[in-house]
Structure formats: structure tokens, C-alpha cells
Amino acid sequence: MTSKLNKSKIINMKQFNYKIVPLVFALIITNFVYAQRTVSGIVTDESGVPLPGVNVLVKGTESGTSTDFDGNYSIEASESDFLTFSFVGFLDKEIEVSKAESFNISLEMGSDELEEVVLTGYGSIKKRDLTGAIAQIKTEVIQRANPIQAAASLQGQVAGVVVTKTKSRPGNDFDINIRGLNNFDDEKTRPLVVVDGIMGANINDINPGDIQTIDVLKDASSTAVYGARGANGVIIVTTKKGASGKPSVSYNGYYGVKTKAHIPDLLSSKQFYELYKNEDRFGRGFTAQEMYNINNGITTDFLDLVTRDAIQQNHTISVSGGSDSTTYNFSAGKQLEEGLVSNADYGRLSLNAGIESKVSDKFKVGFTAYVTENERNWGSTEAVRSAMRARPTGTPYFDNIVEPNKRDTNFGPVGDLAFYMGINDSQVINPLIEIDPDNFQRQRKSNSMIANVYLEYELFPDLKLKTSYSAYTNNQREGEFRGTYTKSRKGSRSPIGSTIQNKASNYTVDNTLSYTKQFGKHSIDATALFSVFEEYNESMNIGVEDLPYSSLWHSLGTGATVTSYGSNLTDYSIVSYMGRVNYGFDGKYLITITGRRDGASQLADGNKWAFFPSAAIGWRMSDESFVQELGVFDNLKLRASYGEVGNNASISPYATQSNIFQTFYDFGGNPALGYTINSLANQGVVWERSKEINFGLDFSLSIIKLSGTVEYYKRNTEDLILDDKVPNSTGFNNVLDNVGEIENSGIEVSLNSVNLSKGDFKWSSNLTFTANDDKVVKLAGGLTEDIGNKRFVGESVRAYYSYKFEGIWQLGQEAEAAEFGQEPGQIRIRDLNGDKKINSDDRMIVGKGTPDWTAGLRNQFNYKNWDMSFFVYTRQGQMYSNAFLNGTYGDIASDRYNRSADIDYWTPDNPSNTYFNPVTGPGLNSKNESKGGTSRVGLSYQLADFVRISDVTMGYSLPSQILSELGVSRFRLYGQVQNPFVFTDFLSFDPEYNSGGNDDDLPALTVLFGVNINF
Amino acid sequence: MKKFRILFYSLIITTVFIGCDEEDLDLAPISQLTTGNFYQSSIQIDQALTGAYSSLNSLYDEMMIRAAIWRGDNSSQTQGYANNLELNISQYNENAGSQVSTDIWNTCYSIINRVNIVIQKSEDIEDYAQKQSHIAQARFLRALMYYELVRHFGDVPLVLKPVGLEESFTVGRTALAEVYAFVTSEFEAISNPSAGLSSNQNDKGRPTIYSANGMAAKAYIQQGNYTSAKPHLKSIIDSGKFSMQSDYAELFKESNDNGPHVVFSIQYDKTVAGMGNGQPQQVPKMAAEVPLNGVTRKQMVSDDLWFSYETGDLRRDLTIQNGWTSTEDGEFVADDRFWIKYAKNNSPATFQEWGVDIPIVRYTDVKMLYAEILNSESYPSAEAFSILNEVRTRAGLADLTSTELSSQSSFLDAIINERRFEFAGESNRWWDLLRTGKDEVVLSAFALSAYPYSSVKRLFGIPEAEILKVNDPSILSQNPGY
């Protein structure tokens, strides 16, 4: 696996340090004391795969070596010596030379977590010395389940991070929230992503196979180093770097097939007819052609027609190595994910190069560049929706229409397809027409580059100066073409084409001074930063109508009419000073103090500069004798922190200036251009500021192999920027002001355990648990509820305010139902004020759109050369207004669209308490079933709880004998099933998101086979 | 030394790549104008002034019509309203939260703020040729807005410079008399040619000194002050630059916009989207009599008005459409009457974009007010009779003499009555009733018993939203009856 390749890089770095040790001198000394002999052997992992670069050391001396490419080592040692074998990612092993039966050593996977290094932003720290809440996942975890987007690998793997799928389209982005929502606007509560030190880069630009670590900074004391950008948490993505040693080459690839899965059954034409045959009630009726299909048992599965089995594959090759002074790494990757919907796909090509060189003893330079090309072809926005909406009684192919009506013949065949499918509905057109690339294409193509160059110089021993210059640029072009026969053109309007081009770029200069020193029992690690950041966003768009031939968006000049055009530029800049001191006494008592001062262009004079302080303490109790005496803990650390951070996304560029917009007035027939102020500038606006306390406990038990972390936090985001009312003597009704407050509090647990380790068999687990409670504390104007914006003090940030579904009126409740003008079988809505009427006064908080808790469980099994793992993820307590029920994908209260056959409708014989009687409709508001607004809306709010087995993976690594014959150091074959099982009561495609809008794809089950080879 | 060189180089790198000082933090957008990069030149002051004018369009083709016409006896009390909010106005039942009064308040203060900015910012710019003119036009617009505010709301906050966020919560109401005094003194001051307004009636669309004189007179008369109003009206008449049209039908033709019969009007242009007059569209949906057939609202004329016209009054059919034909089914809907004054003889670009202007001060208005003043000075006034009969002749009606109008008060009644027909469908009627104190008698007789008139409704309530925002009755109090 590439992961192992990288371990070898790291150990080579360590080895490098030994160069300064006068090795020979040490050997001479030991030679006088003990009789020396040569010990040699091979070091492998548990499955017998040789491990290159394992550090072998004679205990208590400076004498050491490391294993070669084939895991062989040879070292001089005396009979009384102990040899220690250490390798990152594996537990250290110690043998006594005199008692050793064999010098072939097998190292056990695992690591001394305390010695692992996490990134803190502008620096790093050993977990042992960490005082804040920072979690890290490594390349093994990131790559294990072969995600197309690295964000997916965070789901359930890092406590406190909630990652949510937003669509099933290939290559789609994920929503990432760290410790809840800090703003009503989803766009303003996204974490800061830092890729290789570059803020504002996109995690989706990175091939997950190129990522070494993802560090997540959660509490405010940790994110305070990012000051005004820290409020929503920080995700630090670090790509793989080279290490000195022989060139190491690896290839990782897989090929898989996606098939649609977990799709609710849809009604057959017969079932559909039976429900809605009463034309007087439902109005729409059935055409002669539909009757023909019904009578002949013909059902059209439109979802099946618009989808296919799709391909998902990845190939990544990397090379790294270097001399003592210079290291390099190169990689190239290609991913492809096809959509189940025909003609939709996502492709990414990534190229990565890095070089670091020690120019002199004190001078180091480095350069990295990461270039990506992304291409998303998303096809029609309507493919899935029209396929869901089309009645099962429809006839997709024109030649199969035996009873054409006027609508069908008027339109004639489109190719071999029937435009209206013999159905009496002008809003639903044949989805097969939508997926035809001649009719509808959308493409987003982007190139991005992340580049960094740095110079590091050791000014004095322990004091380093680093100057780094980083640039990020992303050029994106979106194109859309809609032909005459798409739904939006309805077969009568001419084709339209449009394109939008965006260029985003940012530049960062960081000057960092770092000082590390140990004085007796005192240790100090201090960092000072001066940083300048500038970002530009440019865009240009044009849209035309009446394209004479099918040129997509590549010949817009031929369009007869220009329907839209424009261009725009926004920019902003931030200048920052940051200081951080980590102080430790005796390794037991730890203090971190951080302060960052940011000046930002978005803010007005007088408020541009803001200071963000934080402090954290840690107490390594396991170093205290009274804890050691217990003999229970290998590690026990208590942490506490407080910090304040700002939300850079809360104020858009120029928001503290009043915009001037263009108007006209006519002077005697001569229109004159005028400009007028259209908002009141509030120069007093400051950043939204999050204040957070965090308590953490890290432990690892010595009695059983269990370690973990528990965190509690409470964060208040104050000075929320909302529209506040202002007297009209200003000329305006409202103004942006710092008026609201949101509170998030929660508990996070991560546990790592080795459940069983016996002989060649090992079972280990990792569990994360995340519970967050978000609530609104304060709103603009001192309001306790703002119904228009659905904001309520004391309730969730995403509170749902609607009618409370109370089940279905049952037989025997006729009299009670009649008071509301209803009858058994109809939806019962809670009559809040008891006035026997259901109207807007009966609305209440019925739920929320944020989860109570989420959890992820990863299990890993190893037996000899075999490995097996699976991942389980669950989310509980989050609700959606189910798009499957509320009309987007199908209106369950009318005969208009197809729907799921799994709906448990009420009938006199089936006293369902979940869905109404389709014959009587949902009731309330109207006898016309399509309009049972109030009650239907009440029904649609449903909990979207689910448990998902995200993947099951099984692999086999070739044994070392075969490997050496093949001349490779590692060769693993594996098979993986992604998304095999989803357990949920939420009737939808995918309970993870509110699937049911347009512009989506279907959920898939993917079976793939892959290989990891290291040369 | 080497170490310092390194330090030095890294600083250079920083400086070269991103010249960094605090000026980097002062960014103004390039794609957009903001207060940070606007109001910098005389041209931009002119554009900002045009920006202030632009809101007059929606204020006068919709909001003022709602407020003035719906409340009088020219408009039906029950028919033609899209919703309760509109109906409430006509039924004298609106509350302080009414969208109609809130819109007027908000728009007037929005224009006042724009004007205050123009005046303030123009002071920062070196003198230029049109500076006086810009400031005088700005003052005209501001005085016009306070004139509207004071007669709709009574005591109102009088802000004469841009008001900041915090200050706005402390701004209270200024007494009605004081606001009127400001309005009249401003109009008087800028009616002096040296203040900067044009004395050329051909300066189309912008207020002239005559517009200022006309508004000064109207503001005085609204307070019952004939004496102060008279010289302003006289100066307009004596200028010789204005004339009444000889044909009433010509008055509201788009082609005659800004003709010599207009002293000041709100300008509309159908050739630019958003600048058209939406008033004429307020007709029954699918009325074949109106080009492009209207939209939704039917602003219905009261039976009282329709049946009050004298036989032979040419103005009646030029003002009111009596019944209409549906384009849907060709059926004729009888006895359903709506305003056609602005739509007749004009054609729109779209159903809501008409080019015809809305007059604020017509020369006929000036003359009739002048006649009213002459009558108050002495009875019988030959000049007053002459003006009244000039209006009646144009309407195709017989002259009235001291035989028919045998007293000073009967002349006054006659001229107020004449104004009802002359200005029907314009905004004058409601204000005439209020200033002459005839509102209680006339409107009590007109109003259906279910929707009685009360003199409390002479003023709108201060918009409830404003009261809530300030939330301190000692600063912003409510009018009685709300």
C-alpha cells in the first residue's frame, strides 16, 4: 500500500538525524565492554510483508541501522544487548539478543499514539503535548474505502465532524460541519480548509490517494491561530511528501461497477390505476393508451430506462525518494465516476510534484505544486425527476403507442420517442429525451493549481525563520445547452446555450519565526507569524437563445438573441499577526497561549482590526505517581481550553459599504441614468465571534488495549450578523448588524481498541460518537420568534415550523374527525389552540434539520495474509420535509405522478397510522386531493434516521517469498462493496440527504476490485 | 550579518509579492459603485440627483393614487379591490400597519435620504456650473416629500441631513406647523431664480421656479392661507409661459407631456423598462377598451361621481369608462366603471409601461386656486368667474354667473365642485375636501352606513413598524385613533 511506502519515507527522515551522530565513536566505546557479534534477519509485518526502513537500535546506545528494501538488516550487538525495532504505524518491539530464537521479526500494526504528530496550523505538536481538540486521520483511513472525494473519508471517522452527502450525482461535494452550525446560512458555517498551508483551497481538488493526513482543528483554542477564519473549525489537508532513500514507486488502482440500489419499489400500472381510477374524484383520468397498457399488464419502469450500470475507477502512481539533502515526490492520478443516469460522469486528473532541498546546514528550500483538472458532466436536470413523475402507465416509444390521442399525434415522434408518452400531462415529458446528449448537456470543467515555495533558515540554534509564498488558482467554466425537446423548451422553443466562467485566485505570504528549546524541566515551543492574504474572484457569463445548430456552449455567437451577459470582480485581503507559545513543565503541566490579530478589508475603518485570544492547559495525570500506582492507565490527560475566533464568511466583501445601484428617470422624454444608494452601510459591523470552552480527556488503558478521547464543548457565537430593523428616517428599513447569537454544545467520543489479538488473528475497532445541540439564543430586534425566516429563540438553527402530524383518523373516530370536516382515513393534525380549525395558528416546531447524534464504527480484521474491514455509520434525530412525499418527486396526494408502492396507505381494512386513504385524500383545505396542503405538509416532516454499512472490504497480500520473486515489496489484491446496506424508515432514495429535488442521480451499490503495489 | 541579510531578504520577498501595508485593507469594489467610490464629481452628483427622482415614479403612479383617490368620494367603497388591505383604505378602516401608508412613509424618507446625501456631498465638491441648480432641485424634491408627509401623517420627523444608525433611534416628530413652515419656506426660497431653478418652462421634466411657486401656493392653501399663496400663483400666471389647453382630451395625451398646461409633473417613459407609468393598467382584467387589456386590479369609480356629472360634460367620458367588453368571451359588463383618463388616447409598451406623465400641478389647478383666492377677497370677482367659466367652456358646459352663484360661499362650493370633475382620477379631491373642511359632510353622506367616515382618518397612522422600531412613545408617538 502506498501508506507503507510513506512510512518508509518518514523513518528515513529520522535516520537522517543520525547522520550527525558520531556512529563510529559509539561503536568503539561499546567494543571495549562487550563481545560483539553480527545479528541479522528480516523484519516483516504481521502478514509477512517485508518492511523496509524499520529502525533497528541497540538499546541504550546510539548504535543503529535500518532495514533495506527487502526488510533485511544486519547489526553488531553483544549477547547482553537488547535490540529495539521501531517503525511508524507499528508497535515497537524489543528482543534480548541472548534469548532470541530467531532474528526474523514480525511487527504488529498499531502505534504509540502519544508520539504521533498532529498539525496545529503554522506548526505541529506531539499528541503527548497537545492541549486543544485536534483530531487526525491518516492515509490508511482516508484511502481505505476508496472515496472519490476526500471529504467522504471524514464521515464518522472524526468525532465532531458531520459530513453529509448533498446529491448522488457523480463527484458531488459534501457538506462538512464541525461542531454544529454557527450561522443560519449554510454557506457561512463551512470550515476553513487549508491544503498544504493554503487557505481557501478546495478539498475536492485533491486526489484522496495523495493525502498523507487530514487534521481537524475543532475547539476555538486550536483554531485561534487562524483568528478571523477559525470560527467554523479548520481542516488541514497535507499531501504526501518525499523522503530520502531509494526511489519508491507505488501504484494503487481499482475498477468497479455501480448499480442502482435501495430504490423504493414504484407502483405498477395496474396498482396505479386501482388507486386513481375514479376520474370524477381525481380529474386527470386515463388516456386510451394508458388503459391499453393497464389492460395488457404493461408497466414502464422509467427509472430503469434512464439509468445504466456505471463504472467507477481510479489509478494513482507515485514516485518518491531523495538524497541526504534533497527529497522529491511525484504523483499522477486519474479518477472516473460515472453516473447511473446515462451520460453523467465525473473525472479528475491530478498531477503533483514536490521537491525539498537542504542547500546548506542552515538553509532549506522547497517547492510543491498540485495541479488538478476536474470535469463534471451532469446531463439533464430533469432526468430523474421526470422518470419519477412519469406515470407507470406511460409509453416511452412512439411506435408502441397504439391508441394515440391528439397530444401525441400533434407532436409526432421525437426520434423514436413519444414526447408525452401517451399520458395526459403537459408538465411531464419523456425522460429518455432528457438524457439524450443532443438535447441536454451541462458541464463544469475546472483547473486548479496549488503551489507553494518556501525558504527556511536557522538564524540561531533553535530559532528558525521561514518565508513561504503560496498561490491558489481555480479556473472554472460551466456550460449548459438545452435543446428544443427538453422540458424547459417544451418542444416549441428554440435551443438555449450559456456559459459562466469563474476565476478564483488567492495569494498568501507567511513569515514564521519558530523557537524550540528545552531548559531542564522547562520546554518552550514558540511561533510568531506575519501573514498577508489576498483573494480575487472574477466571473463572466453569457446566455443566448435560438442556436441554429447544436454547438453546445461553444458557439454562442451564433445565437440570435443574447438573453444574459455580465462580468464581476470581488476581492478582499487580510493582514495578520499571530503568536503562540507552548510551554511544558516536566512534560506534565502544559500550557498553550495563542493570539491572532487580523485586519480585514471587508470591515470598515475603526473596526478592521480584531484580536482573537485563546489559552489552553493540559495535565498529564499518567505521569503523576498516584495514577501510575493504579496501574490502569498508560496515558491519562486532562485538558481545558478557552478561545475566541471570528467568522470570515460572515461578512462578504464590501458589505460595510453602501452599494450604489443604477436607476433611470425621464426628463421630458430623455431617459437619464441615475445612481442611488440601496443599502445603509453599517460601519460598526464586526466579525461574528465564537467563544468556546472545551474540556477533554485522553486515556489509554494498560489492562486492555483501549484508548480514546472524550471532549465536551460549549460554543457561543455572538454578534451574529442579521438584518435588523432601523427607523426610516435613515432612508432604509433595515441594516446589517451584529444582533444574534447561536449556541452549540456537545460531546465527542473516540475509542480505539484491539478487541482480540491471538496468534495470526487480530480484530481492532475504532468508534466515534458525535452529539451536538444547536440553539438560537438571540435574534434581531429582541424577537423570540421570526416566523418568516423560521428562526426561534431556544430552538435549533434549522427548526421546522409546521403542522404537527398526529397520525390518521381511524374508524371509530368519525365524530371527532367530523369536527374538522374530516373522515377516517385522513390525516390528523394537532389542533394547537383547540378551536376545531386547522390554520396557520396551529403551526409549531415539529422537528429540526440537524442531527442529535452521529456515530461511525470501523472494524478491521487480520488473519495471516488476509485483511477484512467494514464501516458502519449512523445519523439520528435529523428531519426532512420528505421530498418524496411533498410533491417534488411525486405528490402522494394526487393522481398526477408515480409513487412508491411501499407507501402504507390507509384503507378500511388496513388501519395504517402513517399514510392517508388515497380515495378520500389527506383532508383539510380542499376536497381536491392535490391541494391537501396543510395536512400533507404536516405528514411530510419525517425523521431521516439511518444506519448504513458504508463498505465491506476484503484483501489478500502476497506472501514475501512470492514478492521477492516478483521483485515487488508489496502486492495486495482486494475487493470492496460500497454502500451494501442501508437501514431506515425514511421513504426516499437516500435518507442521508433530502433526495428528491431535480438535478440528481440515484443511489448506488458499487462492487470494485483493486490492487496496491509497491516497488 | 548574514542572518540579518536573510531577514532583510524575507521582508523584501514579502513586500515584492504583496506590497503590504494597511492600505491593502481599504478595498472598494471595481464592479460596483459604493458610497466609498461615488459622489466624487459633478456628474456623479447629477446622477445621484437623478437617483432621487427615480423613486417618484412608483410613489406617484401607485402609492399616492391609492392614498388620495381610494379615500375620497370618487372611488367605490366596495368594488375593485384586490384584498382587504386595499378595501380598508376605501372603507376608512385602515390601521397603522397599512401597507399603503407604510409604503408612502418609506418611499418619502428614502427620497429624502437620497436628497440629503446629494446636498451634503455636493458641498464637498468644488464649485461647478450646475451646482446651484443641483442643490435647488434637491431642495425641491425634499420639500415636496415633506409636503406629502405632513399632509398624510401630520407631525413627522424632519431630517435635513443624512441620519446615522444610532441617531435614527432618537429622531422624534416635528409639529405639523413647523413642517409646513419648512415646506413653504423652502419652496419660496427656491422660487427665487437666484436659488438655481430654471425659469425656462422648457427645461422639461425638472422643477422650475414656477413649479416651486405652484407648490408653495398649494402648501399654503392646504393650510387655508390664501394670502401667502396668492403672489405665487400670480407670478405663474403673469409669466405668460403657461396656457390651459383648449381641448380637455389633449391634456392627458403622452404627446402633450410637459406642454404649457403643465407646471410640474412626474415623468414617465415607456421606452425604458421600469420607467413606465403603471397607473393606466389598473383596469379590469381583459377589458377590450384598454390596449393590452390591463392586469388584475380594477380601480372602480363610484356611482356618486358618475351620476354627479352635469349633462354634456365632455370630461366624463374622457375620465371614466362606463362598462367594458371582455376579451375572453366578448361579453359586455355594464355598470362597471373604471378610470380611463391616462389610458385613453395613449398606448403602452407593455401592459404596465405607459409613457404618459402624471401632473402634480396643472395650470388649470393654478388658475382655479387663484379664482378661489380672488373670490375670498371680494364677491363677485369678474376674474374668478372668468376662470371658472374658462374651465367649464372647455368641458362643454354653460357659463355660470352671479345669478346661479349668488354668494361668495356658493362660488366657493361651485369651484370646489368643478375641481371634483376637472381633477377626477387625479389626487386633488381628497385634499380639497380636507382643506375646506367639507370632508365630514361630504364623506359622511357618501360613505355606506357599514363603512362610515370619521375625521380621525384625515391622517394616516404613523406606520406601526416605525413605532415598534423606535419603541419609545416619547420620541415617536402615534396619531389619535390608531
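This is a predicted model: local features need pLDDT of at least 70, side-chain atom pairs count only at pLDDT 80 or more; totals for chains, interfaces and linings use all residues.

Biologist: What does the secondary structure of chain B come to?

Modeller: Chain B has 17 helices and five strands. Along the principal axes, its C-alpha atoms fill a box of roughly 115 × 55 × 50 Å. Of the 482 residues in chain B, 47% are buried.

Biologist: Which domains does the assignment give for chain B?

Modeller: Domain 1 comprises 42–267 + 449–470, and domain 2 comprises 279–356. The C-alpha centres of these two domains of chain B lie 27 Å apart.

Biologist: How many residues are in contact between them?

Modeller: In chain B, 15 residues of domain 1 are in contact with 19 residues of domain 2. The domain 1 side of that contact divides into five nonpolar, five polar and five charged residues.

Biologist: Let us turn to helix 2 of chain B. Is it mostly covered or mostly exposed?

Modeller: Helix 2 of chain B is mostly covered, with eleven of its 13 residues buried. Among the buried ones are B:Q44, B:D46, B:A52 and B:Y53.

Biologist: What do those buried residues pack against?

Modeller: The buried residues of helix 2 of chain B pack against elements of both chains. From chain A there are strand 32 (659–667) and strand 33 (670–677), and from chain B there are helix 3 (56–69), helix 5 (99–122) and helix 6 (131–153).

Biologist: Why does the end-to-end distance of helix 2 of chain B agree with what its residues should span?

Modeller: Helix 2 of chain B covers residues 42–54, and at 1.5 Å a residue its 13 residues should span 18 Å. Its end C-alpha atoms are 18 Å apart, so the two values agree.

Biologist: How many residues of chain B are in contact with chain A?

Modeller: 60 residues of chain B are in contact with 52 residues of chain A. Helix 5 of chain B gives the largest share of the chain B side, eight residues. By class, that side of chain B has 30 nonpolar, 20 polar and ten charged residues.

Biologist: In which sense do strand 32 of chain A and strand 1 of chain B pair?

Modeller: They pair in the antiparallel sense over two bridges. Within strand 1 of chain B, B:L33 stands opposite A:I660.

Biologist: Now to chain A. Over how many bridges do strand 25 and strand 26 of chain A pair?

Modeller: Strand 25 (residues 463–482) and strand 26 (residues 496–519) of chain A pair over 20 bridges, in the antiparallel sense. A:F481 has A:G497 of strand 26 as its bridge partner. Strand 26 of chain A also pairs with strand 27 (residues 522–545) of chain A, antiparallel over 24 bridges. There, A:D510 has A:S531 as its bridge partner.

Biologist: And which residue takes a positive phi in the hairpin of strand 26 and strand 27 of chain A?

Modeller: A:G520 does, with phi near 55 degrees; this hairpin has two residues between the strands.

Biologist: Finally, which residues have the most contacts inside the largest nonpolar core?

Modeller: They are B:A52, B:L141, B:M215 and B:V263, in a core of 101 residues. Helix 6 of chain B supplies the largest share of this core, 13 residues. Beyond its neighbours within four places in sequence, B:L141 is in contact with B:A52, B:Y53, B:I111 and B:V115. Another core, of 78 residues, lies apart from the largest one and includes A:A135 and A:L722.

Terms used
Residues are numbered from 1 along each chain as its sequence is written. Chains are lettered from A and ligands numbered from 1 in the order in which they are written. Domain bounds come from an automatic or database domain assignment. Two residues are in contact if their C-beta atoms, placed from the backbone, lie within 7 Å. Ala, Val, Leu, Ile, Met, Phe, Trp, Tyr, Cys and Pro count as nonpolar, Asp, Glu, Lys and Arg as charged, and the others, Gly among them, as polar. Helices (H or I, at least four residues) and strands (E, at least two) are DSSP runs, numbered from the N terminus. The expected span of a helix is 1.5 Å times one less than its number of residues. A residue is buried if 20 or more other C-beta atoms lie within 10 Å of its own, exposed if 12 or fewer, and partly exposed in between; C-beta atoms are placed from the backbone. Two strands pair if DSSP finds at least two bridges between them. A nonpolar core is a set of buried Ala, Val, Leu, Ile, Met, Phe, Trp, Tyr and Cys residues joined through C-beta atoms within 7 Å.
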